Amino acid sequence: MKVKTRFAPSPTGYLHVGGARTALYSWLYSRHANGTFVLRIEDTDLERSTPEAIEAIMEGMNWLQLSWDEGPYYQTKRFDRYNQVIDQMLVDGSAYRCYCSKERLEKLREEQMAHGEKARYDGRCRCDSVQKNHSSDEPHVVRFANPIDGVVIFNDLIRGPIEIANKELDDLIIRRTDGSPTYNFCVVVDDWDMEITHVIRGEDHINNTPRQINILKALGAPLPQYGHVSMILGDDGQKLSKRHGAVSVMQYRDDGYLPEALLNYLVRLGWSHGDQEIFNIPEMIEYFTLDAVSRSASAFNTEKLLWLNHHYINHLDADYVAQHLVWHMDKHGYDLNQGPDLITIIKLFGERCKTLKEMAESCHYCYQDFRDFDADAAKKHLRPVAKEPLEVIKAKVTAIADFDWEIQKIHQVIQTTADELGVGMGKVGMPLRVAVTGLGQSPSVDATVFAIGKKRTLARIDKALAYIAAREQAQA
């Protein structure tokens, strides 16, 4: 049997992390088995589904590199097929027309709840006598004639055997009064037509599974195997929501995460392979199995995700990281022709920054001049005593040929300046750092000066010397 899985989001919003994890597990399961992965857009909720949401889902899938082999299929383009099946079910007797009014159904529901009973349709229109008293031209819905007796048993690939009595299931509406088919029915026909062998989805669908199994049996269709993934909780134990931070996949892109970091985090959010924490995508594909997926809910931990992102920033190929960094640099309006290449930035700031957004914010002085020095840093390090070290460094930097501009040369300038003046490296390096960055902290000063460039470095040293002179004059 060739494995075929599907990811079937409803386009009523963005692709959130729970959906992304479900997509990842389905994708990995098919890739592990050399199978097929299908993307299906379940857009039967005509009022809430939007083109913007569809675009957001596709964008999230593409950013995560979860490529699909078939699709995207759209349920709204398959209504003729669904109705064809429903019409045949009416002929076969596995479905029937229901003429009950909304008022009767509401009254029935209130009476059942008043008696402590489960609210469900009572099957009134299943009777032939009722059908004979109505015309198919009258407004009606179509209901599935769910088996009255027996049980539905399926072996959940994650949770084990699940058994639900048919008496707990009512006769599901499969076509509305306006003629549109309903979600649970469309899913069944899609899984049948698309030959889906394994359905991996969230645990909120467990109650749908026995209904869908019964419809598949009524159609004489093969049954897929089902696996239901537990929900993701926030740090406080509550269901993950906006209050826990970013939950949209693309928000993580905007916040400076690499797709590899989010994928690695999501795969471990309920699945394990020994004690291993870091997985590249080929390893995920090789090791992933559903029997290693936990039945328990998982708690989202942003600190762990940040740790992973920091790892990938420093361990993935710098050229690849640069492809993702450029988006953040563009957001800041940097002219990348007026500063160091992005490989230099990654090597310079990689150890200090946990996200690409933080990296883009931190390297601003490599591309743009700053207006003012940080007040505390300037007060501490741009004092009259720093004037001589900065003047000596200026002269030595000026003497470096443009073709000879390299970190080692800059380091020698700082070292020889300290030696000549008989002072510690900090008495030279710190004033220079504040002069060229405007800040009291930066990566190593020699590498920072290299990244800023000779022309900007000299101009900023002049600016620092002017600041010191003004300070001396004010104190005179």
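Contact means that heavy atoms lie within 4.5 Å. The model discussed here is predicted. The points below are grouped by topic.

**Lys 4 in strand S1**

- Lys 4 belongs to strand S1, which covers residues 4-7.
- Because its relative accessibility is 11%, Lys 4 counts as buried, the cut-off for that class being under 20%.
- When residues up to four places away in sequence are not counted, Lys 4 touches Thr 36, Val 38 and Glu 70, together with Met 194, Glu 195, Ile 196, Thr 197 and His 198.

**A sheet of three strands**

- Three strands form an open sheet in the order S4-S5-S8, and their pairing is antiparallel.
- Strand S4 (95-98) and strand S8 (173-175) are the edge strands, each of which pairs on one side only.
- On average, neighbouring strands of this sheet are turned by 45° against each other, with direction ignored.
- S4 and strand S5 (residues 141-144) run antiparallel and are joined by four bridges.
- Tyr 96 has Arg 143 of S5 standing opposite.

**Helices H3 and H6**

- Two packed helices are described by the angle between their axes and the distance between the axes.
- For helix H3 (residues 79-92) and helix H6 (residues 183-193), the axes come within 10 Å and cross at roughly 100°.
- H3 is therefore roughly perpendicular to H6, since angles of 65 to 115 degrees fall in that class.
- On the H3 side, the residues that meet H6 are Arg 81, Tyr 82, Val 85, Ile 86 and Met 89.
- On the H6 side, the residues that meet H3 are Phe 185, Cys 186, Val 189, Asp 190, Trp 192 and Asp 193.
- Sorted by class, the contact of H3 with H6 comprises eight nonpolar residues, three charged residues and no polar ones.

**Ile 393 in helix H16**

- Ile 393 is located in helix H16, which spans residues 387-399.
- Ile 393 counts as buried because its relative accessibility is 1%.
- With its neighbours within four places in sequence left aside, Ile 393 is in contact with Val 413, Thr 417, Val 428, Leu 432 and Ile 461.
- Ile 393 and Ala 145 are 248 residues apart along the chain, and their C-alpha atoms are separated by 88 Å.

Notes. Residues numbered from 1 in each chain as written. Predicted model: local features only at pLDDT ≥ 70, side-chain atom pairs only at ≥ 80, totals over all residues. Heavy atoms only, no water. Pairing = 2+ DSSP bridges. Helix = DSSP H or I, 4+ residues; strand = E, 2+ residues; numbered from the N terminus. Axes fitted to C-alpha atoms, helices over the stretch in contact; angles between N-to-C directions. Parallel < 35°, antiparallel > 145°, perpendicular 65-115°, else oblique. Nonpolar A, V, L, I, M, F, W, Y, C, P; charged D, E, K, R; others polar. Buried < 20%, exposed > 50% of the residue type's maximum accessible area, 1.4 Å probe, protein only.
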